[in-house]
Amino acid sequence: MLPPRWLRRLVIIPAIVFVVAVFLGTLPLLLVLAAAISPRLPGRWRPLRLLWFFLVYLAVEVVALAAALLLWIGSGFGYSLRGERMQRLHYGLLRRALALAFRTGRRAFNLSFDTSEVTGVLDADPDPDGPLLVFSRHAGAGDSFLLVHALTQAGRRPRIVLKATLQWDPLLDVILNRLPTVFVPSGAGRHRVVEGIRDLAAGMDRCDALLIFPEGGNFTERRRTRSIARLEELGRHAEADLARQMRHVLAPHAAGAMAAIEAAPEADVVFVAHTGLERLSGVVDVWRGLPMDSDIAGAAWWVGRRDIPVD
């Protein structure tokens with residue numbers, strides 16, 4: 001169960017600072033241990049490369065949290081956090097933190113990103129000052145971070161629907177709770193999720209972009225089979241037949257996407273597909289499924305607001 005926000009601020013943030021201090025104090029020993037066990041484990045120098053990434057990640061957490069504290073003070077101790085200037089500064093902080101984590105991950109894990117088509121579509125936006133709806137495949141915990149990174153690099157201000165458990169990460173907890181974000185508690189009904197999407201879409205302006213994953217969860221073969229069986233149980237046999245033809249995505253939940261389109265009729269739509277992150281679907285997979293020395297590819301399709309069917 002997620003503790004209340006005030007408790008997270010008082011306990012988790014100091015705990016992160018303590019962990020970083022301990023991490024730095026024991027870094028020589030950790031390096032020796034990682035180097036010693038690396039030849040005995042699968043993956044080329046996996047422990048050392050993970051150690052490199054998490055060292056940078058923890059450093060980004062602490063520095064960005066310090067910057068967020070300064071922004072909070074500069075906002076009049078929270079008084080003007082929702083103002084345009086403060087929102088712009090927080091998006092800038094998020095963009096820099098994600099960019100550093102992205103560059104470190106690419107180098108540490110020797111990843112090749114063939115996502116030029118995605119960034120090309122975003123950069124070629126014919127209406128850069130118009131809102132955008134981004135509907136993406138969801139396969140791997142890293143795809144939301146990569147897409148938010150791509151959106152911020154393209155000058156967009158992402159609005160996101162995320163699981164509430166991600167607030168255990170102090171940086172995400174602090175920054176995203178100051179930006180337009182909907183955190184969905186575990187067990188929340190679909191109606192609540194759809195209403196959250198509708199509210200985010202209705203409030204979009206200019207360079208905002210709403211990112212959602214119509215599948216509702218990370219793709220796994222087990223979930224795909226279960227979703228098809230559920231459609232059959234509900235008597236939605238035609239939809240079940242269509243879902244069987246989709247080998248790499250779950251049957252989408254249309255309600256959230258439709259709510260976003262209805263709430264933001266002036267927004268264009270971008271569909272995003274990707275491959276290379278499928279094995280990273282849970283915390284355990286950070287060790288066994290983290291992609292290393294591999295390729296991650298993406299593609300995108302643009303649909304202008306005038307081409308969206310009104311029915």
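## His149 in helix 6

His149 is found in helix 6, which covers residues 143-153. The model shown here is predicted. Is His149 buried or exposed? His149 has a relative accessibility of 12%. Buried means under 20%, so His149 counts as buried.

Which residues does His149 touch, leaving aside those up to four places away in sequence? They are Leu98, Ala99 and Phe102.

## Ile197 in helix 8

Now look at helix 8, which runs over residues 190-202. Ile197 has its place there. Its relative accessibility is 6%, so Ile197 counts as buried.

Ile197 has several contacts beyond its sequence neighbours. Leaving out residues up to four places away in sequence, Ile197 touches Val161, Leu210, Ile212, Gly256 and Ala260. Take Val161 from that list. In sequence, Val161 and Ile197 are 36 residues apart. In space, their C-alpha atoms are 7.1 Å apart.

## Helix 2 against helix 3

Helix 2 spans residues 27-37, and helix 3 spans residues 46-74. The axes of these two helices come within 8 Å. They cross at roughly 150°. Angles over 145 degrees count as roughly antiparallel, so helix 2 is roughly antiparallel to helix 3. On the helix 2 side, the contact is made by Leu27, Leu30, Leu31, Ala34, Ala35 and Ile37. On the helix 3 side, Pro47, Leu48, Leu51 and Leu55 take part.

## Leu55, a residue of that contact

Leu55 lies in helix 3 and is one of the residues that make the contact with helix 2.

Leu55 touches Phe23, Leu24 and Leu27, with residues up to four places away in sequence not counted. Leu27 belongs to helix 2. Phe23 is 32 residues from Leu55 in sequence. From C-alpha to C-alpha, Phe23 and Leu55 are 7.9 Å apart.

Which residues make the nonpolar surface patch of about 520 Å²? They are Leu69, Leu70, Trp72, Ile73 and Phe77.

The relative accessible area of Leu69 is 47%. Exposed means over 50% and buried means under 20%, so Leu69 is partly exposed.

Notes. Residues are numbered from 1 along each chain as its sequence is written. This is a predicted model: local features need pLDDT of at least 70, side-chain atom pairs count only at pLDDT 80 or more; totals for chains, interfaces and linings use all residues. Side-chain values use heavy atoms; hydrogens and water are left out. Helices (H or I, at least four residues) and strands (E, at least two) are DSSP runs, numbered from the N terminus. Buried means under 20% relative accessible area, exposed over 50%, partly exposed in between (1.4 Å probe, protein chains only). Contact means heavy atoms within 4.5 Å. Patches are made of residues with over 30% relative accessible area and no salt bridge: like charges are joined within 9 Å, nonpolar side chains (Val, Leu, Ile, Met, Phe, Trp, Tyr) within 5 Å. Accessible areas come from the Shrake-Rupley method with a 1.4 Å probe; for residues, only the protein chains shown count as cover. A salt bridge is a side-chain nitrogen of Lys or Arg within 4 Å of a carboxyl oxygen of Asp or Glu. Axes are lines fitted to C-alpha atoms, for helices over the stretch in contact, and angles run from 0 to 180 degrees between N-to-C directions. Angles under 35 degrees count as roughly parallel, over 145 as roughly antiparallel, 65 to 115 as roughly perpendicular and the rest as oblique.
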